[in-house]
Amino acid sequence: MTPYSLAFYVHAVTTGTVLGLRPADSPDRVAAVLGPDFAESTFGGRAMVRDYGLAEFHFHRARARDPWEGHHFSLQVHRLARRDRTVPGEVLRARYGRFTPRLRFEKLRRLLDRRGVPLVEIPEYPGNAPYYRTFWQPDSLTAVSLVAERGAHSTPALLRAGDVYGVHAPVTAREVETRRERA
């Protein structure tokens, strides 16, 4: 068994889910699994994010009267570097135990490789280069961003080169192709 939070990250990257929650799940479904302890922000009545500390779920809708539809989730791994043990949230801590302040990319990649889950590097957004790199898991449509090199005003002060910044899903094949075309 992979200890502590490593099992959580391996599962999230392998499946593209968080405790079985898919990026397209509704706000009610997400709250049923992760609980009612979240911060919520809406933007123009058409976008909403529910922030559970480590996990954020994003929702969209075409019109204000339409129901919210899940769009994507992100794991804000960089927040753990603050060493606030409450960041993962009660549900994730109860399931996976202690979360370490930093997640080393090479350690995560080794665990995924052992399970036959490859990560493929994709071009970084120009505004993030050279400070970040992104790796994509094509089967789960999940991306892992890491700090490639430290930048005084470009990367979190508490992270080192090689630390995972975040995990995002879905990252579609079309988005990857667009990044490659722009590189």
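Student: By class, how many nonpolar, polar and charged residues does the lining of the largest pocket have?

Tutor: The model is a predicted one. Its largest pocket has a volume of about 350 Å³, and 20 residues line this pocket. Divided by class, the lining holds 9 nonpolar, 4 polar and 7 charged residues.

Student: Which helix gives the most to the lining of the largest pocket?

Tutor: Asp37, Tyr52, Thr86, Gly89 and Glu90 are the lining residues nearest the centre of the largest pocket. The leading contribution to the lining is 4 residues, and it comes from the helix spanning residues 90-96, namely H3.

Student: From which element does the largest share of the lining of the second largest pocket come?

Tutor: The second largest pocket has a volume of about 300 Å³. Tyr125, His168, Val171, Glu175 and Arg179 are the closest to its centre among the 17 residues that line it. Elements giving two or more residues to this lining include strand E6 (132-137), E7 and helix H5 (173-182). The largest share amounts to 3 residues and belongs to E8.

Student: Is Thr142 buried or exposed?

Tutor: Thr142 is placed in strand E7, which covers residues 142-147. The cut-off for a buried residue is under 20% relative accessible area. Because Thr142 has 0% relative accessibility, it counts as buried.

Student: With which side chain does the side chain of Thr142 make a polar contact?

Tutor: Beyond its neighbours within four places in sequence, Thr142 is in contact with residues including Ala12, Phe135, Trp136 and His168. The polar contact between side chains, at 2.9 Å, joins Thr142 to Ser140.

Terms used
Residues numbered from 1 in each chain as written. Predicted model: local features only at pLDDT ≥ 70, side-chain atom pairs only at ≥ 80, totals over all residues. Heavy atoms only, no water. Buried < 20%, exposed > 50% of the residue type's maximum accessible area, 1.4 Å probe, protein only. Polar contact = N/O pair within 3.5 Å; in protein donor to acceptor, adjacent residues only side chain to side chain. Contact = heavy atoms within 4.5 Å. 1 Å grid on protein atoms, 1.4 Å probe; cavity = no way out; pocket = protein on both sides within 12 Å on 5 of 7 lines; lining within 4 Å. Points joined across faces, edges and corners; volume = space filled by probe spheres on them. Nonpolar A, V, L, I, M, F, W, Y, C, P; charged D, E, K, R; others polar.
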